[in-house]
Amino acid sequence: MAQPQALQAGHQLLTQLGRQLPGLKCSSSTCQAGTLGLGTSGLRLAAAAAASASSRALTTGTSSGRQNRSAIRRLKAFLRDYKQLSKFRLSSLVALTASAGFAAGSGDSIDYAKLAWTSLGTLGAAAAANTLNQLYEVANDARMARTCNRPLPAGRLGSRQALLFAALCGVGGLWTLAEHTNPLTTGLGAANIVLYAGIYTPLKQLSIYNTWVGAVVGAIPPLMGWAAAAGELEPGAWLLAAALFSWQLPHFLALAWMCQDDYARGGFRMLPKFDPTGRRTAAVALRHCAFLLPLGAAAAALHVTSPWFAGEAALLAGAMGAGAIAFRANPTAASARKLFRGSLLYLPLLLAALAVHRQPNRHAVTWQDVRREAGAAAAGAAALLPEPLQPGRLWQQLQQMQPGLHWPQLRPVEQRYGLVLEQLQGIKCPSRAYGDSVDEQGSCSGSGAELLAEAAAVAAAAGEEPGDDAADAGQ
């Protein structure tokens with residue numbers, strides 16, 4: 001801006017000089033004799049020429065400034081499009097979780113140069129996977145309000161440009177991992193690209209189980225970081241992976257509930273699409289928040305962190321769990337948004353606490369140690385249970401039961417502890433969200449219908465009306 005202003009001032013000065021020249025008189029005889037060869041008219045012509053030159057310079061400078069600003073804007077837009085194509089913030093979060101795994105798997109000191117290369121390679125692999133994801137979902141993204149302005153559906157970038165960018169990021173990221181880490185880390189990075197772009201992405205349009213596959217994708221980067229630091233995958237690495245896996249379920253299900261109409265327009269099969277009340281979506285989120293509660297104590301037991309981390313991790317999980325409880329009590333967009341924001345705070349705080357309380361990796365904890373400690377913990381927990389609920393006695397009672405009937409041996413337990421046996425008959429693996437038992441109209445099919453029929457038959461045999469509990473037997 002300073003250059004055009006200076007040219008403007010010079011132009012004005014020369015114009016004024018040209019206007020004043022006719023009234024000027026020279027007292028010098030040399031001047032009067034014309035030895036300078038420049039009369040008044042010549043000075044006027046010179047001033048006019050100078051003014052014209054300054055005007056042209058001013059116009060040229062202004063035009064050049066505009067061109068420069070336009071070029072800068074185009075460059076920023078170009079970089080912004082590729083940043084969106086790579087989902088840079090998400091890819092950076094992936095790299096952050098890999099760096100946390102690297103720090104946890106390191107010994108007395110952290111090799112920060114190797115950490116930087118590991119994070120850079122992970123960032124490249126994540127950017128490649130995210131770009132391939134958007135290449136596959138161009139038509140879907142164009143129908144969704146939250147994604148229609150992405151570079152590909154908006155037409156700002158073409159598929160060839162995106163494919164070339166994905167190839168450069170993927171090859172560059174994996175080469176970086178291969179050059180500066182080890183084959184195990186590189187293999188995990190390549191597997192994650194295939195899992196995300198080749199399995200998770202198409203599965204989003206086929207089954208609600210895409211959410212659980214996506215959680216596996218998010219659990220792999222900490223393994224990559226640990227493998228890069230330690231050269232192997234030890235029990236502590238899998239503990240970090242479990243934390244990332246369970247964190248993603250409440251995080252993403254809250255987002256899926258808030259954006260359920262948008263996901264439906266895009267053709268994606270998410271759990272909220274088949275759960276109009278939101279009860280099951282919130283139950284899955286709450287379940288995985290509960291899974292996070294003991295992970296801090298487990299990290300301390302495996303000597304990944306100091307005991308301080310156990311309490312801090314439990315407090316963080318409890319705070320996010322409180323949001324999940326509120327979401328379960330009142331499944332609305334507002335309660336889902338609170339859970340989502342809580343999950344955004346949980347992860348960086350957990351990783352910061354892990355970095356503060358990490359213990360040097362001595363490679364002293366084996367899987368045999370884990371089995372022994374887990375067995376002792378299970379035995380101690382079982383000893384705290386009332387006698388009718390202790391595993392050994394309960395298993396003996398379960399073996400004596402007749403299918404489809406009430407179990408007299410457990411009636412006192414049911415009355416005392418409020419167990420609902422109809423629900424026990426239909427219990428499934430916690431991560432199965434019954435999606436394949438429900439079609440798009442919300443009706444039941446296959447094993448889901450059989451479970452509901454069985455629950456109704458049991459309720460009828462007991463002389464009870466099948467209410468909400470029976471309807472949820474297939475959950």
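Contact here means heavy atoms within 4.5 Å. The model is predicted.

## Helix pairs

Two packed helices are described by the angle between their axes and the distance between the axes.

| Pair | Residues | Angle | Axis distance |
|---|---|---|---|
| H4 and H16 | 88-105 and 333-357 | about 20° | 10 Å |
| H13 and H15 | 279-292 and 308-329 | about 165° | 9 Å |
| H10 and H11 | 210-230 and 235-258 | roughly 145° | within 8 Å |

**H4 with H16.** Leu-93, Leu-96, Thr-97, Ala-100 and Ala-104 of H4 touch Leu-347, Leu-351 and Leu-354 of H16. Seven of the residues in this contact are nonpolar, one is polar and none is charged. The axes pack at about 20°. Angles under 35 degrees count as roughly parallel, so H4 and H16 are roughly parallel to each other. H4 passes H16 in a left-handed crossing.

**H13 with H15.** The axes of these helices lie 9 Å apart, at an angle of about 165°. H13 is therefore roughly antiparallel to H15. The crossing of H13 past H15 is left-handed. From H13, the contact takes in Arg-279, Thr-281, Ala-282, Ala-283, Ala-285, Leu-286, Cys-289 and Leu-292. From H15 come Ala-317, Met-320, Gly-321, Ala-324, Ile-325, Phe-327 and Arg-328. By class, the contact of H13 with H15 has 11 nonpolar, two polar and two charged residues.

**H10 with H11.** These axes come within 8 Å and cross at roughly 145°. H10 passes H11 in a right-handed crossing. On the H10 side, the contact is made by Thr-211, Trp-212, Gly-214, Ala-215, Val-216, Gly-218, Ala-219, Pro-222, Leu-223 and Trp-226. On the H11 side, the residues are Gly-236, Ala-237, Trp-238, Leu-240, Ala-241, Leu-244, Phe-245, Gln-248, Leu-249, Phe-252 and Leu-253. The contact of H10 with H11 divides into 16 nonpolar, five polar and no charged residues.

## Annotated spans

An unreviewed UniProt entry lists residues 162-178, 184-203, 210-231, 237-259, 280-302, 308-327 and 339-356 under "transmembrane region". Two of these spans can be set against the model. Residues 184-203 are 100% helix and 0% strand, with end C-alpha atoms 26 Å apart. Residues 308-327 are also 100% helix and 0% strand. The end C-alpha atoms of residues 308-327 lie 29 Å apart.

## Single residues

Thr-201 sits in helix H9, residues 183-203. At 0% relative accessibility, Thr-201 counts as buried. Beyond its neighbours within four places in sequence, Thr-201 is in contact with Asn-133, Tyr-136, Glu-137 and Tyr-196.

Most residues other than glycine have a negative phi. Lys-87 has a positive phi of about 50° and is not a glycine. Lys-87 lies in the loop between helix H3 (40-85) and H4. The relative accessibility of Lys-87 is 17%, so this residue counts as buried. His-303, also not a glycine, has a positive phi near 65°. His-303 lies in the loop between helix H14 (295-301) and H15. With 55% relative accessibility, His-303 counts as exposed.

Technical notes:
Residues numbered from 1 in each chain as written. Predicted model: local features only at pLDDT ≥ 70, side-chain atom pairs only at ≥ 80, totals over all residues. Heavy atoms only, no water. Axes fitted to C-alpha atoms, helices over the stretch in contact; angles between N-to-C directions. Helix = DSSP H or I, 4+ residues; strand = E, 2+ residues; numbered from the N terminus. Parallel < 35°, antiparallel > 145°, perpendicular 65-115°, else oblique. Left-handed = near helix turned anticlockwise from the far one by under 90°. Nonpolar A, V, L, I, M, F, W, Y, C, P; charged D, E, K, R; others polar. UniProt positions renumbered as here; feature names shortened; annotations may be inferred. Buried < 20%, exposed > 50% of the residue type's maximum accessible area, 1.4 Å probe, protein only.
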